[in-house]
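Let us read a new model together, one feature at a time. Keep the viewer open.

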Amino acid sequence: MKELLKKYENKEPEIIFNWKDAETEAEGWTVINSLRGGAAGGGTRMRKGLDMNEVLSLAKTMEVKFTVSGPAIGGAKSGINFDPNDPRKKGVLERWYKAVSPLLKSYYGTGGDLNVDEIHEVIPITEESGVWHPQEGVFNGHFKPTEADKINRIGQLRQGVIKVIENPGFSPDVARKYTVADMITGYGVAEAVKHYYEIYGGSVVGKRAVVQGFGNVGSAAAYYLAQMGAKVVGIIDISGGVINEEGFSFDEITNFFLNKNGNTLLADNMIPFEEMNERVWSLQTEIFAPCAASRLITQDQINQLINTGLEVISCGANVPFADKEIFFGSIMEHTDEKVSLIPDFISNCGMARVFAYFMERKVQMTDEAIFNDTSEIIKKALQNTYDKNPSKTEISKTAFEIALTQLV
């Protein structure tokens with residue numbers, strides 16, 4: 001696996017597109033790791049301090065993710081070095097998508113990512129640049145459909161991603177009109193835990209869980225974990241956190257979800273961040289779902305969790321460990337050897353899978369069909385990993401081996 005990984009990491013990307021905004025200090029990159037299957041896909045993120053290397057590592061991560069979620073295409077990513085809270089953000093995005101539109105028409109598909117919203121920014125702004133849909137390049141490059149077929153499938157995609165969830169089994173509050181895009185990634189993170197126990201032995205019911213981050217992914221993961229009977233004992237995010245060693249009830253977790261302020265937790269008796277960051281790692285817990293930013297979790301934090309009886313980690317964040325390496329650094333390797341570590345490209349593939357699902361010919365557009373499809377894809381990936389290595393450790397190493405064999 002290490003040899004395969006080295007080969008994959010050292011392979012130069014096929015395309016690097018660099019853009020400097022004429023009106024602001026913004027700079028952007030699209031990195032296409034490869035045009036495997038004739039196309040590449042990966043979202044657009046924006047943050048101050050972002051650089052090309054961050055975009056490159058994320059493009060490589062996407063390519064690995066597509067081996068699980070489908071379609072069988074290359075990985076790509078776009079990133080813009082600019083403050084997303086700057087009032088000039090909309091103009092920057094408009095000029096960016098205009099510049100990158102020839103790629104989006106031909107062989108590159110994008111979506112929302114950190115600080116860039118799929119529904120309110122990516123879709124309307126790319127449309128203004130003459131792109132039918134942000135995934136049009138994947139259709140043209142990979143699927144090569146007829147014009148009529150393309151219209152039909154883009155219609156499915158448009159409708160599906162922004163579909164309002166009507167089934168109360170999948171939505172914390174049907175009246176609030178949460179969409180598939182709001183909930184699917186966190187749902188996959190929770191389903192990965194459920195399938196892990198089904199395949200490797202045990203049950204999620206009654207297991208204690210700690211969730212890091214309370215944006216779209218973390219809040220949805222906490223909600224679905226509580227719904228399936230896990231006891232969420234701690235939630236930490238940038239604004240602080242909450243602890244209940246007996247486990248919060250499903251109603252309490254639902255209320256945290258409904259009351260959050262954008263991507264931050266709002267609750268009575270919030271514990272300040274510094275204190276929370278001291279206490280959360282020593283809570284007795286079997287399940288850990290890191291769903292905040294990448295590269296945050298230190299060796300010391302993970303060791304504290306392992307010492308309290310940690311069993312499984314389901315990654316909502318891409319590369320949650322504070323390693324320098326693109327994929328498999330020393331902290332990740334250490335963790336993988338000690339506990340069951342479900343890698344990000346399996347556990348957080350929900351949104352990538354939704355795109356792949358709607359690109360297929362004619363699919364069911366019900367909540368059950370969409371969510372069950374993501375669940376089945378994650379289950380299949382975990383089952384394949386188990387079939388190759390039934391041990392509860394080195395799950396990530398085994399999963400990488402399966403993925404990289406398809407790519408190198």
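Q: Which residues in the largest nonpolar core touch the most other members?
A: This is a predicted model. The largest nonpolar core has 107 residues, and Met183, Tyr224, Ile313, Ile346, Phe371 and Phe400 touch the most other members. Helix 7, residues 180–200, gives the most to this core, with 13 residues.

Q: What does Phe400 touch?
A: Leave out residues up to four places away in sequence. Phe400 then touches Met1, Leu5, Val64, Phe327, Phe328, Met332 and Phe345. Another core, of 20 residues, lies apart from the largest one; among its members are Ile32, Ala76, Phe82 and Val100.

Q: How are two packed helices described?
A: By the angle between their axes and the distance between the axes. Take helix 8 (residues 216–227) and helix 9 (residues 250–259): their axes come within 9 Å and cross at roughly 165°. Angles over 145 degrees count as roughly antiparallel, so helix 8 and helix 9 are roughly antiparallel to each other. The crossing is left-handed.

Q: Which residues meet between helix 8 and helix 9?
A: Helix 8 brings Ser219, Ala220, Ala222, Tyr223, Ala226 and Gln227, while helix 9 brings Phe250, Ile253, Thr254 and Phe257. Of these contact residues, 7 are nonpolar, 3 are polar and none is charged.

Q: Where is Val319, and is Val319 buried or exposed?
A: Look at the backbone first. Val319 is not a glycine, yet its phi is positive, about 45°. Val319 sits in the loop between strand 11 (312–314) and helix 12 (330–338). Its relative accessibility is 9%, so Val319 counts as buried.

How values were computed:
Residues numbered from 1 in each chain as written. Predicted model: local features only at pLDDT ≥ 70, side-chain atom pairs only at ≥ 80, totals over all residues. Heavy atoms only, no water. Axes fitted to C-alpha atoms, helices over the stretch in contact; angles between N-to-C directions. Helix = DSSP H or I, 4+ residues; strand = E, 2+ residues; numbered from the N terminus. Parallel < 35°, antiparallel > 145°, perpendicular 65-115°, else oblique. Left-handed = near helix turned anticlockwise from the far one by under 90°. Contact = heavy atoms within 4.5 Å. Nonpolar A, V, L, I, M, F, W, Y, C, P; charged D, E, K, R; others polar. Core = buried A, V, L, I, M, F, W, Y, C linked by side-chain atoms within 4.5 Å. Buried < 20%, exposed > 50% of the residue type's maximum accessible area, 1.4 Å probe, protein only.
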